[in-house]
Amino acid sequence: PAPAPSCGCPIPPGIMCVQNKGGFQRMTTFCKSRVPPVFAETLEPLEDAGEIKEAMTKLGVELCQKLLDAGAPGVHLYTLNLEKVANGILQGLKLWEPVEEDK
């Protein structure tokens, strides 16, 4: 059989940074996304915005690390112009540290 067509460039997996319950539910329904069940299970009992961001950052770090460990060429974080969870994921992966003016 003929080899599969390729663009010849690495394609990193895209990760949606979950910021809140409503956005998570809208996006997963609208996009018909497949999401690891642990995300919905973790999000369900949480109400506080800070707790949600903290929990989703932790899960994001774990997911991204698994992808990188499995050979992903990187990850593409979809921030939707909301930086808190994305920054937390990058810090958790030791890929970024804020400088004083970023804090």
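The protein chain in this predicted model has 4 helices and 2 strands; these are DSSP runs numbered from the N terminus, with at least four residues (H or I) for a helix and at least two (E) for a strand. From the N terminus on, the order is β-α-α-α-β-α. Residues are numbered from 1 along each chain as its sequence is written. Local features need pLDDT of at least 70, side-chain atom pairs count only at pLDDT 80 or more, totals for chains, interfaces and linings use all residues, and side-chain values use heavy atoms, with hydrogens and water left out.

Now to one helix pair. The axes of H3 (residues 49-69) and H4 (residues 84-92) come within 8 Å and cross at roughly 45°. Axes here are lines fitted to C-alpha atoms, for helices over the stretch in contact, and angles run from 0 to 180 degrees between N-to-C directions. H3 and H4 are therefore oblique to each other; under 35 degrees counts as roughly parallel, over 145 as roughly antiparallel, 65 to 115 as roughly perpendicular, and the rest as oblique.

Which residues of H4 are buried? They are Val 85, Ala 86, Gly 88 and Ile 89, where buried means under 20% relative accessible area, with a 1.4 Å probe and protein chains only. Down the axis of H4, these residues fall within an arc of 160°, so they line one face of the helix; the arc is taken from the directions from the helix axis to the C-beta atoms. Their cover includes H3 and strand E2 (76-78). After H4 comes Lys 94, with a positive phi near 65°.

Finally, of the 103 residues in the protein chain, 23% count as buried.

How values were computed: Buried means under 20% relative accessible area, exposed over 50%, partly exposed in between (1.4 Å probe, protein chains only). Contact means heavy atoms within 4.5 Å.
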